Amino acid sequence: MVDELLRDGRWHGGLWTPEVEAQCDIRSFAELCQFISKNVPLYVQVLETGTTFHTDPVGYDTYSTPNLLKWIVNPARGLLSSLDLEFYPQTLQVLKAMDVPWERRLQYHYGDSVNSIADMYGTVEDHRKFDVVHLDSAEDVGGHMMNEFYALEALLAPQHYLMIDDIHNPASGKYKMLVPWLQNMAEYDCMQVPTAMGTFLAARGLPLPRKT
Ligand SMILES: C[S@@+](CC[C@H](N)C(=O)[O-])C[C@H]1O[C@@H](n2cnc3c(N)ncnc32)[C@H](O)[C@@H]1O
């Protein structure tokens, strides 16, 4: 797998091995959110780029908006700011179907995620910085996600988690630039979590879900 990733240019360097991946018990995005929830403050501030619009019950454990709300935001009385180009009525349908309350806990923002991060932050109550960020928006070769990171870097809490979706999805390239960039930053501990499409997890000052 590593050889394959290196050969076709989807992986830029060396942290991940199958052994490291096997040391993590987490297998779904929902489980990853449950782990993160143990390490976040009360009134947690969460940001996602790319809102959930699929509604198939088969995917309930994989969707970002309901799982961020259910496991991280609601128990800690926090706020999820969700950025997307458009509004999807399906998001509310899936929240209802999964029995996840969202009133006063979910704030939508429409527009290009990179251009609207600063404006969006201006509307976040009490202006606490983001403790958890999930990046999953435009499908390109990675520049958009890199720009998202630059746009929000100053808005990150001193201790925080960054999640990047789709790293094991051969059809996706959006993580291509940001993942190696974070791996090279000394302040982040990083690992790959074998969720459905693979999630890259970077932690600054917080624990990772590795088996001891
Ligand atoms: C893969 S989907 C998000 C899935 C969601 N995170 C989940 O797990 O259910 C990607 C979303 O990103 C949005 N998107 C694409 N380009 C964007 C951009 N430049 N700014 C904001 N959102 C964008 C799309 O409209 C789409 O809804």
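The notes below go from the sheet to the helices and then to the ligand.

I worked from a predicted model, in which local features need pLDDT of at least 70, side-chain atom pairs count only at pLDDT 80 or more, and totals for chains, interfaces and linings use all residues. Residues are numbered from 1 along each chain as its sequence is written.

Sheet. I traced seven strands in an open sheet, ordered β3-β2-β1-β4-β5-β7-β6, with mixed pairing. Strands (E, at least two residues) and helices (H or I, at least four) are DSSP runs numbered from the N terminus, and two strands pair if DSSP finds at least two bridges between them. At the edges I found β3 (106-110) and β6 (189-193), each pairing on one side only.

I then looked up β4 (residues 130-135) and β5 (residues 156-165): they run parallel and are joined by five bridges. V132 has Y161 in β5 as its bridge partner.

Helix α7. Which residues of α7 are buried? In this helix (residues 143-152), I list H144, M145, M146, E148, F149 and L152. Buried means that 20 or more other C-beta atoms, placed from the backbone, lie within 10 Å of the residue's own. The cover over these buried residues includes β1, α6, β4, β5 and α8 (178-183); contact means C-beta atoms, placed from the backbone, within 7 Å.

Ligand. I counted 17 residues around the ligand, with G50, T52, S64, S113 and A138 the closest; near means a C-beta atom, placed from the backbone, within 6 Å.

Terms used: Buried ≥ 20, exposed ≤ 12 C-beta atoms within 10 Å, placed from the backbone. Contact = placed C-beta atoms within 7 Å.
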